[in-house]
Amino acid sequence: MTETRKHSLTFASGLSGIGIPSFSRFLCGNDKIIVHTMNDLSKKQARTYSRVINETERLPRKIFIMIDETLQKRSSLKSENVQRFNHGHGFVIGHQWTNIILFFSEKIIPLPPIPFYTKKYCRSKKMKYRTSHERLTEYLNNLNLEEYIGKHDGRDVVVLTDSGFDNKNIQKTILKKKWHFICALKSSRGVKSEAKYAKTRKSSDWDGVALFFRKYRKLPWSTIRIFTEGPKRKRKEFRVRHAEVFLKGTGKIITVCSEFKKKRDGRRRYFACSDLKVLPRQILIAYRLRWKIEIFHKHIKMHLGFEDISAKHFSSVVSHVHLVYTAYILLHSGLSGIGEDNDTIIEKQRKVKRILENRKIANFIHELTKIGGTRRLKDELKSALEA
């Protein structure tokens, strides 16, 4: 929670008052306790915020579950559960985490993340290997939102994902829980029009969503204007086409083809929404909220030392990640003395640092006021200088 340039193992052990080997053993041996603590804290904060949920005027829903993957870079393949991942224009060595955050009433609450286990690590731990999509499907199936926000209407919950999670099992799990989803589709994801779905077999004659919009050129374009959030509000113009179709392996949805109105350079995006009552404008506005999880990734990496871990054992890495998320929750929990909601994360960290420094001064003064405190402190200083 404090401001520092490097959240290394050396810094953390010094702050805790124990040596580096002892702190490493602490991380390695207490991963289950730390995960349980972080989970309880996220539930507590979610229940606190859920009491003051306000109706969102521009959006049809109030509770958003945002899902995205992030990579925790490592320097080599020698640590446990490390793998090379294709990321952008090259490969990255490290751990992959699937992050899930709750977003409502302008509050971000991280839920326990899902680690990715390599095949080698699963063999060593005698675990069954599962893909990240399979692990996410199980996570969502077991997720009990009532523990976080109390009783609620499932129709008020919307899951936002990018095209990396365009998976029929994930979408079917969301619908099974009576939630809705808004996700970006891969251009090859199969869809059918209602007329074609009624005439053909369910196992064949599916068109990719990009091919579908090229075939149905009669679908009209419409212009949508959206204002961006932030200190400099800008107006962005999109042109969109939409249709009610059947999504392969999922069911009936609204699909939207969107592109910038002035910069038509092939950057078309395709979206799917399971709520048939939602308008294309509302789909775009809701999907743009997914950027909140990218800001969350930026904060934990730049300010909280998400990637600054040098431990070999993966259980230590798990402890480190959950402690980082715990620090994020505490910094945004409105604790007295840390700062207001509109303060930046850097300002809050500086206030925490000043609190720790003042506490050291207060403890020093307290020791001086004790009987023989001055003499005892002089002896400690002499022994330290002689050593």
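This is a predicted model: local features need pLDDT of at least 70, side-chain atom pairs count only at pLDDT 80 or more; totals for chains, interfaces and linings use all residues.
## Strands, a helix, cores and salt bridges

In strand 9, Asp207 is the bridge partner of Val191.

**Strand 8 and its neighbours**

- Strand 8, which covers residues 190-193, pairs in the antiparallel sense with strand 9 (residues 207-208) over 2 bridges, and it also pairs in the antiparallel sense with strand 11 (residues 235-247) over 3 bridges.
- Within strand 11, the residue that stands opposite Val191 is Leu247.
- In a regular strand the side chains alternate between the two faces of the sheet.

**Helix 7**

- Helix 7 spans residues 168-176, and its residues Ile170, Gln171, Thr173 and Ile174 are buried; they lie on the same side of the helix, because the arc they cover around the axis is only 160°.
- The elements covering these buried residues include helix 5, strand 6, strand 7 and strand 11.
- At the start of helix 7, a side-chain oxygen of Asn167 comes to within 2.8 Å of the backbone nitrogen of Asn169, while just after the helix Lys178 takes a positive phi of about 65°.

- In soluble globular proteins, nonpolar side chains tend to be buried together.
- The largest nonpolar core here has 50 residues, and those touching the most other members are Phe64, Met66, Ile182, Ile283, Ile300, Leu304 and Tyr325; helix 12 (residues 314-331) gives the most to this core, with 10 residues.
- A second, separate core holds 39 residues, among them Leu111, Trp179, Phe213 and Cys257.

**Salt bridges**

- The model has 14 salt bridges, and one of them joins Lys43 and Glu147, whose closest N and O atoms are 2.7 Å apart; this pair links helix 3 with helix 6, across 104 residues.
- Lys43 counts as buried because its relative accessibility is 15%, which is under 20%, whereas Glu147, at 35%, is partly exposed.
- Glu194 forms a salt bridge with Lys252 at 2.9 Å between the closest N and O atoms, so that helix 8 and strand 12 are tied together by residues 58 apart in sequence.
- Glu259 and Arg239 meet in a salt bridge at 2.4 Å, N to O, and the pair therefore ties strand 12 to strand 11.
- Both partners are buried, with Glu259 at 6% relative accessibility and Arg239 at 15%.

Technical notes: Residues are numbered from 1 along each chain as its sequence is written. Side-chain values use heavy atoms; hydrogens and water are left out. Two strands pair if DSSP finds at least two bridges between them. Helices (H or I, at least four residues) and strands (E, at least two) are DSSP runs, numbered from the N terminus. Buried means under 20% relative accessible area, exposed over 50%, partly exposed in between (1.4 Å probe, protein chains only). The arc is that of the directions from the helix axis to the C-beta atoms. Contact means heavy atoms within 4.5 Å. A polar contact is a pair of N or O atoms within 3.5 Å; within protein, one must be able to donate a hydrogen and the other to accept it, and residues adjacent in sequence count only if both atoms are side-chain atoms. A nonpolar core is a set of buried Ala, Val, Leu, Ile, Met, Phe, Trp, Tyr and Cys residues joined through side-chain atoms within 4.5 Å. A salt bridge is a side-chain nitrogen of Lys or Arg within 4 Å of a carboxyl oxygen of Asp or Glu.
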